[in-house]
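I set out to look up the charged pairs and the nonpolar core of this entry. My notes follow the order in which I checked them.

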Amino acid sequence: MPSVTPYTIAVPNEQLQQLNRKLENATFPDELDASGWDMGVPLDEIKRLVTVWRDSFDWRAQEHRLNEQFKHVSIKVGVDGFGELDIHAVHHRSENPKAIPLLFIHGWPGSFLEATKLIPLLAKDEEDGPLFDIVVPSLPNFGFSQGVNRRGFGLAQLRRIRQALIPIPQNISPSTNLNPAIQGGDWGSMIARSISQYYPEHTQAIHLNFVPVIPPYPWRSPYQFIKSLLSVPFSAKDRGFIARSLGYFTRGNAYMKVQETRPQTLGYGLHDSPVGLLAWIYDKMHSWSDEYPWTDEEILTWVSVYYFSTAGPMASTRIYYEASAPKRYDGEGDSEGEKLQKADSRYISLQQVLGARAPQNVRFAVAQFAEELVMFPMAWYRSIGNVVRETEYDHGGHFAAWEVPESLAADLKAFLGKDGPAYGAVADRDGY
């Protein structure tokens, strides 16, 4: 069982001083007239945010708030081939012994911060509603978790970390359940699906708010293709979903191509320049949300978590590379055949996750928000496994837990509560 110890966020003064020096010496490029957001974050917006970051933003106040409002822990987790890693996590322990264990997995450019709006809503003691024990780990290479400085740490290793995190609720709460539910968006969705495919006995209820799928091509899935034909012609809404996804894949995912092919080159700018990091992350916060009114404090807190992260801000981009690079294994002294065999056991690609179906005992809920990056007809999502709840929302974007936490919390409760389709899949208990 992994060891769990208390953790306090405490950025060294030297890092704060270094940040201020860099912001004081920042220089800026020019921009074309009236370019707005078409070419990226507008110059005036970046200059204004840099001034706020330098002159008035109070990281210590945010640090104090996070430490006071939430319980932070550090978990030592062993991962084959990578030794023990120190994983930071936020843990909310319900005092109700019948609370549902829930693992919230973030993505990029998110962090554990995304769950901090959701936790109070899931902790409310509502009549006849479920309560939750919530664990929110910072993924390795993100936030205040340890970085990994060896190649090959990808989805296969992340799903093993999830297995090692299972005992956390019992270790520091009265819960006795071994099969927590999972909520995931962005990479959290991919990691959750990978877990469901390889460890279905440990994960039987998964709630997703970002669900990329491979379209039901006739040569890949004849049965699913025939089923999809029955719904043709698609509704105007379905056609809009497909058009939106095509727009993302043709014009909106350049960042992904860079991060999955040349993360090291990009990393020099992200690591050395807080202005570059701010622009890279804020561009996505703005363009991937549903007109959410980001405050300066929110923007700068999100970016500061990356800037002050244990592994440095560029480490988080490696997940893209590791999930898309060819199979490989760096074992010294092994033959080429041995290397290939070990690579097969240690590597899983994003395409493998997208193309696989979870066993029937795993129940999924899909919540599709109006301005998500990738959207498809709801019927296509059924290719991931046993989807027992499907909900569409007319507001909210990629950062649903932050933008519309009330909607996401309500959907989770409806999925896992007494009258929900996943009731009993998580808790070995009699009611709530």
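Is D283 buried or exposed? I worked from a predicted model, in which D283 is buried, with a relative accessible area of 16%. I then looked up its partner: D283 forms a salt bridge with K284, with 3.1 Å between the closest N and O atoms. K284 also counts as buried, at 11% relative accessibility.

**Entry: D411 and R389.** I found a salt bridge between D411 and R389, whose closest N and O atoms are 3.0 Å apart. D411 belongs to helix α18 (residues 405–416) and R389 to strand β9 (residues 386–392), so this pair ties together parts that are 22 residues apart in sequence. I noted D411 as buried, at 0% relative accessibility, and R389 as partly exposed, at 22%.

**Entry: D296 and R48.** I searched the whole structure for salt bridges and found 13. One of them joins the side chains of D296 and R48, at 2.6 Å from N to O. This pair links distant parts of the chain, with D296 in helix α13 and R48 in helix α2 (residues 43–55), 248 residues apart. I recorded D296 as partly exposed, at 24% relative accessibility; R48 is likewise partly exposed, with a relative accessible area of 34%.

**Entry: nonpolar core.** I looked up the largest nonpolar core, which has 125 residues. W59, F112, W187, L278 and L416 have the most contacts inside this core. Helix α13 (residues 296–307) gives the most to it, with seven residues.

Methods. Residues are numbered from 1 along each chain as its sequence is written. This is a predicted model: local features need pLDDT of at least 70, side-chain atom pairs count only at pLDDT 80 or more; totals for chains, interfaces and linings use all residues. Side-chain values use heavy atoms; hydrogens and water are left out. A nonpolar core is a set of buried Ala, Val, Leu, Ile, Met, Phe, Trp, Tyr and Cys residues joined through side-chain atoms within 4.5 Å. Buried means under 20% relative accessible area, exposed over 50%, partly exposed in between (1.4 Å probe, protein chains only). Helices (H or I, at least four residues) and strands (E, at least two) are DSSP runs, numbered from the N terminus. A salt bridge is a side-chain nitrogen of Lys or Arg within 4 Å of a carboxyl oxygen of Asp or Glu.
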